[in-house]
Amino acid sequence: MKVLLSWLREFAPDIDGDPVELGEILSALGLAVEEMTITGQGLDGIVLAKVLELAPHPDADKIQLVQVDAGDGQPLQVCCGAFNMTEGDLIPFATIGTVMPNGMEIAQRKMRGQMSNGMCCSAAEMGLGDDHDGIMILTDKVDDATLGAPITDALGIETDVLYDLEVNANRPDAMSVAGVARDLAAALGVEFSHPVRSVERTGDDAEAQVSVEIIDPDLCGRFAARVLHNVTVGESPQWIQNRLIALGMRPINSVVDISNYVMLELGQPNHVFDLDTVPNGHLRVRRAHDGETLKTLDGAERSLVPGDGVIADESDAAISLAGVMGGFTTEVTDTTTSVLLEMAWWDPPSISRTVKRLNLPSEASTRFRRGADWGDNIDRAMDRFCELIAQTGATTCPGQVDVAGNTPTQPFTTARAAKVNTLLGTQLSSDEMASHLESIGFGTVVEGDTLSVTVPTWRWDSIGENAHEFEANIAEEVGRMYGYEDVPYTVPKGEQAGHLTEYQAERRLVRSVLTGAGCDETQPMPFLAPGDLEKVGLPGDGVALSNPLDASESILRTSLLPGQLKAIAYNQSHRNPAVRFFEVGHVFLPPNPGDLLPDEREYLAVALEGAEAPEAVAVLNLLGEALALPNVQVRNSAELAGMHPTRSAEVVIAGRPRGAVGEVAPSVLEAYGVAGRVAWLQLDLGEILNGPHGKRSYRRVAKFPSSDTDLAFVIADDVGADRVRNTIAKAAGDVLVDLSLVDVYRGVGIDDGARSLAFRLRLQATDRTLTDEDLTSTRDAVVAAVAKHHAGVLRAG
């Protein structure tokens, strides 16, 4: 969209300032200035001249010799390649020494032996349009100008500032000079208003000459029509042509030029019918019939579909493609004397579909596709058209035919100031927001922190499809007028990129602890061969895959044990003994009642080749300390699948079973081809990390010496070592800083059904050196507690 600064000032006379700074303000408003040019400059030296004589060049077929009078009464010979001139024509003439707008300097030169003393100019060469096919003929464009007068005076060209703006699709109002002026005036804090237009009416009422029928109200939300007589189709005033040319439109005739002028000024497309070609002045607005054809203004025969909109006459014959292009049969011609002026609001999606299907983009359809104004702007544009065409002698009939269809409604009206501030990062009050909105035509009522907003008819893009979108649209308008460049810079609050969740961090801690304990992580595939589960004593109810990667491994694992035993067997076969493996992986238990999908859980497994059960328990204790697991117990229970019947136990944490620890059953090891012993620990890691843990207790580092005491107890086999360990820890009290099981003995001197458990206690106080009396008292308390709770007997020697 191009706009002239002088044109903007017709709506806001107090717009003032440096053109560059005004361009920056427009860009800040969302109307990015792609280019700013100063018009009316670079034409010094170009004068009004008269063609006196035309003669062929003696040595060139494509050049003629032109004798011109540049104002001094003397003929001046010019060599020219254009042949659209006749003797007596008035033309723009560039004298010797003139520097053209494109930088070319005019000099005296010979062309095929003939002297050329200047240049006859086309509109394109002067920057006054795109026409460069011939010389610009001014005979009917200048009235009282004298020969030799500067071309700027002859054509009424004044120095002006032209802005080429990038207008996004969500700003239909900015597709007009008035819309841009409204925004700029609001940003500058100056008054904006539409000039009052006066239109004299004479003749019969329009309603007696024209009637309109809207068949599809969703297609056309409003249709207004006026009647004008005594129309003369000729050239439009030069000042209108100058503005049209500046904004990139080619002048055609007075009626078309005024129609385009009103569209550019107010953003309201319009169409003019030759009234004498519309039977009885009756128009019907409807959707096209399937297969219906229409010959449009460009002479092309268009095949229509039911989604297209048309304007038909009283016989229901289509005479115009609604909102896109007029029909050939009702075109205004040089003989037209009466016209029907139509302005309407068309459904944007309907117009968009038709334009895309027929590939017929235009300035008018672009505005309808984005959403034109269905309110007072139509009446305003009607008055402006009638005012301008009255200058050519046309008269306007009283009255106006105005038929309503369905126009957009505003379902949401409320915007919360707090929400707007949150979206913008500002701290504006409700009244400040209302002031910004009212400056661009929005209606507002402030009630505390809430604004009730009425969206103007020219800004239907701000209505929104839901309440959240409406508030966002209102925030956008407040932000534009407040100035995005004035919004304080803040660093958005959010989580640091790459931040681990608590679960992820603790899972990483588990891996770190086990790596520190000398274990290597393995990652076997989660698929097992049929029968693998049965080989470790588990039910063969694993989920079978319908499309396995390998048909020999089609069962989802329910335990990590098969994969770890396969890894140990592989290493033994390659003479790599004493491996220590761990794995964090998923198992897939049978679905719970009512569920379709397997019960997928994350497990932790530790396999220590050549090790006994206490080493697995030591790893469990290491993890318990690292994760601060509460009340970790190793509890003897019924036989555990795949585990040694007397060297395994259930792991209980915070009173809930969470896994198993001990040694793998010899029969299972044999089934997988593993020699020797394998200590085993398997935990439900997901349940542990999502359960209670992490509440660590800390004690002051003692500077006093410690003392180690070894105690061996004969304990029945059905009493877990972990239970004895917990009893010792409780009985020793605060002076116990470390406790470990150092030996398990069965043999000579120990009754059947029992074993000797040797524990090493490290005792240390934080406030004193422990005396022999303190050590003896603690030792006696431990012995008594074990005897009382587990019938344990202190082993002599």
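## Burial and overall dimensions

Of the 797 residues in the protein, 47% are buried. The model described here is predicted.

Along the principal axes, the C-alpha atoms fill a box of roughly 145 × 65 × 60 Å. The secondary structure consists of 20 helices and 38 strands. Among contacts between residues at least 6 apart in sequence, 69% join residues that are at least 24 apart.

## The three-stranded sheet

Strands E1, E10 and E2 form an open sheet of three strands in the order E1-E10-E2, with antiparallel pairing. Its edge strands are E1 (2–4) and E2 (32–39), each of which pairs on one side only. From one strand to the next, the twist averages 25°.

E1 and strand E10 (residues 160–166) run antiparallel and are joined by three bridges. Within this pairing, Leu-4 has Leu-162 in E10 as its bridge partner.

Asn-117 is found in the loop between strand E8 (114–116) and strand E9 (119–120). Is this residue, Asn-117, buried or exposed? Its relative accessible area is 12%. The cut-off for a buried residue is under 20% relative accessible area, and Asn-117 is therefore classed as buried.

Leaving aside residues up to four places away in sequence, Asn-117 touches Leu-76, Gln-77, Val-78, Phe-93, Ile-96 and Gln-108. With Gln-108 there is also a polar contact between side chains, at 2.5 Å from the side chain of Asn-117.

Strand E17 covers residues 309–312. In a regular strand, the side chains alternate between the two faces of the sheet. In E17, Gly-309 and Ile-311 point one way, while Val-310 and Ala-312 point the other way. All of these residues are buried.

E17 runs antiparallel to strand E14 (residues 282–287), and four bridges join the two. In this pairing, Val-285 stands opposite Ile-311 in E17. Strand E18 (residues 318–321) is also antiparallel to E17, to which three bridges join it; here the bridge partner of Ala-312 is Ala-318 in E18. E17 and E18 form a hairpin with five residues between the strands, and in this hairpin Asp-316 takes a positive phi near 70°.

## The seven-stranded sheet

A further open sheet is formed by seven strands in the order E26-E29-E30-E34-E33-E32-E31, and its pairing is mixed. Strand E26 (520–521) and strand E31 (632–635) are the edge strands, each pairing on one side only.

The pairing of E26 with E29 is parallel and extends over two bridges; Glu-521 has Phe-582 in E29 as its bridge partner. E29 and E30 pair in the antiparallel sense over ten bridges, and Phe-588 stands opposite Glu-600 in E30. Elsewhere in the sheet, strand E32 (residues 643–653) and strand E33 (residues 656–664) run antiparallel, joined by seven bridges. Val-651 has Gly-659 in E33 as its bridge partner.

## Helices on the seven-stranded sheet

Which strands does helix H16 touch? Helix H16 (residues 613–627) packs on the sheet and touches E29, E30, E31, E32, E33 and E34. The direction of H16 makes about 35° with that of E34. Helix H15 (residues 561–573) lies across strand E29 (580–589), strand E30 (599–609), E33 and strand E34 (678–683). Relative to E29, H15 runs at about 145°.

Why is E29 described as largely enclosed by the rest of the structure? Eight of its ten residues are buried, so E29 is largely enclosed.

Key. Residues are numbered from 1 along each chain as its sequence is written. This is a predicted model: local features need pLDDT of at least 70, side-chain atom pairs count only at pLDDT 80 or more; totals for chains, interfaces and linings use all residues. Side-chain values use heavy atoms; hydrogens and water are left out. Two strands pair if DSSP finds at least two bridges between them. Contact means heavy atoms within 4.5 Å. Axes are lines fitted to C-alpha atoms, for helices over the stretch in contact, and angles run from 0 to 180 degrees between N-to-C directions. Buried means under 20% relative accessible area, exposed over 50%, partly exposed in between (1.4 Å probe, protein chains only). A polar contact is a pair of N or O atoms within 3.5 Å; within protein, one must be able to donate a hydrogen and the other to accept it, and residues adjacent in sequence count only if both atoms are side-chain atoms.
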